[in-house]
Amino acid sequence: MPVVDAELELRLVGRLARIEELLAEHCQGRTPYVTQAATHLMAAGGRRFRPLLVLLAAEAGTHPDAPEVDTAACVVELTHVASLYHDDVMDEAALRRGADTANARWDNHVAILTGDFLFGRSSELTADLGPDAVRIQAQTFTRLVEGQILETVEPGPGEDPLQHYLEVVAGKTGSLIATSARYGAMFGGARPEVVEALRAYGEIVGSAFQLSDDILDIAADSDASGKTPGTDLREGVPTLPVLMAQASTDPADARLLELLAEPLVDDGLRAEALDLLRRHPAMDQARDHVLGQATQAKKLLEVLDPGPVRTALESFADIVATRTS
Ligand code: FPP
Ligand code: MG
Ligand code: MG
């Protein structure tokens, strides 16, 4: 939980508990099998980072308690969890939120269809929010998918690999987190310039969240992250620390660069690369980049009056940039 004053914290905690109940209801299918598969990841935990951002952004408006805010919080979490079912198939991941992924527990078909089911549920709720929300949701989905596709494509000739990667991150993660802040501000009744500033804030915080995740894929052990370390290296996804290390011309990095040239499918080679990367200055360089993004995001909050809501959103950006799990 970011730094919030006691009264705001009480409100947020109570509301998040209600959203948790709603999410569990939205995971119910017509048969126990569908319910079990759809509840699997939702029940395994998760930070509820996107719903919390919806609620915080709504506090910048005149009617933060509007029921549409809760619906929007469910929409973004259901969309997110749907995308994780698909992502774990693409990444052949075995562990998420400390639990077996759906593809490991059942198989790829179940995981893909469960992701579709949850995305369907999220779309039903979006329809309740009206045509503007439907349009925003559709655009967000397009960006999510394009980001995920772009991740599987090499940068074009002459294209800066870092720029290419930042585009991937903006699409696959920045888009939905931007929409979370935008929905919160919209349905909480914020002024149009505040809605736009919070959307832009969410976009930057969202990218920072993904880049922190990339750093943790290298730095954290599975007890902290609930995932298998080095998944990005195994899949050959060149994340921020890897791209920064690859820019090195230091001869001492020759072995690391050789290892990073291919997807690290072999467990021993991946462990060697993880060890070299953890001690490499690229890790701090990547962390500095993320801290710079948090500063940029906080600057956008100047549109808000100083007070508990602005402080909470500033703290939210800081937490994202310094997360350890
Ligand atoms: C996690 O990235 C993946 C995403 C944030 C987006 C995935 C998007 C899709 C699969 C498009 C389909 C979307 C829907 C709504 C059905 P990661 O693999 O880097 O992170 P991880 O470490 O959490 O696995
Ligand atoms: Mg993944
Ligand atoms: Mg992935």
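Val205, Ala208, Phe209 and Ser212 of α9 make the contact with Phe316, Ala317, Val320 and Ala321 of α16 (contact: C-beta atoms, placed from the backbone, within 7 Å). Of the residues in this contact, seven are nonpolar, one is polar and none is charged, with Ala, Val, Leu, Ile, Met, Phe, Trp, Tyr, Cys and Pro taken as nonpolar, Asp, Glu, Lys and Arg as charged, and the others, Gly among them, as polar. Helices (H or I, at least four residues) and strands (E, at least two) are DSSP runs, numbered from the N terminus.

Residues are numbered from 1 along each chain as its sequence is written, while chains are lettered from A and ligands numbered from 1 in the order in which they are written. Because the model is predicted, local features need pLDDT of at least 70 and side-chain atom pairs count only at pLDDT 80 or more, whereas totals for chains, interfaces and linings use all residues. The protein chain averages a pLDDT of 94, and 100% of the residues score at least 70, pLDDT being the predictor's confidence in each residue, from 0 to 100. For the complex, the predictor gives an ipTM of 0.97 and a pTM of 0.93.

Glu68, Val69, Ala72, Val76, Thr79 and His80 in α4 meet Leu176, Thr179, Ser180, Tyr183, Gly184 and Phe187 in α8, a contact made up of six nonpolar, five polar and one charged residue.

Both of these helices also take part in the shell around ligand 1, to which α4, α6, α7 (131-151) and α8 (161-187) each supply at least two residues. Ligand 1 is surrounded by 17 residues, of which Ser83, His86, Asp87, Gln148 and Lys172 are the closest (near: C-beta atom, placed from the backbone, within 6 Å). The most is given by α4, with five residues, and the shell consists of six nonpolar, six polar and five charged residues.

In helix α2 (residues 32-43), the buried residues are Ala37, Ala38, His40, Leu41 and Met42, where a residue is buried if 20 or more other C-beta atoms, placed from the backbone, lie within 10 Å of its own, exposed if 12 or fewer, and partly exposed in between. These buried residues pack against α1 (6-26), α4 (67-90), β1 (95-96), α5 (102-105) and α6 (108-128). After α2 comes Gly45, with a positive phi near 125 degrees. Arg48, in the loop between α2 and α3 (49-58), has a positive phi of about 55 degrees although it is not a glycine. Arg97, in the loop between β1 and β2 (99-100), likewise has a positive phi, of about 50 degrees.

Pro241 is found in helix α12 (residues 240-246) and counts as buried, with 26 C-beta neighbours inside 10 Å.

Conventions. Contact = placed C-beta atoms within 7 Å.
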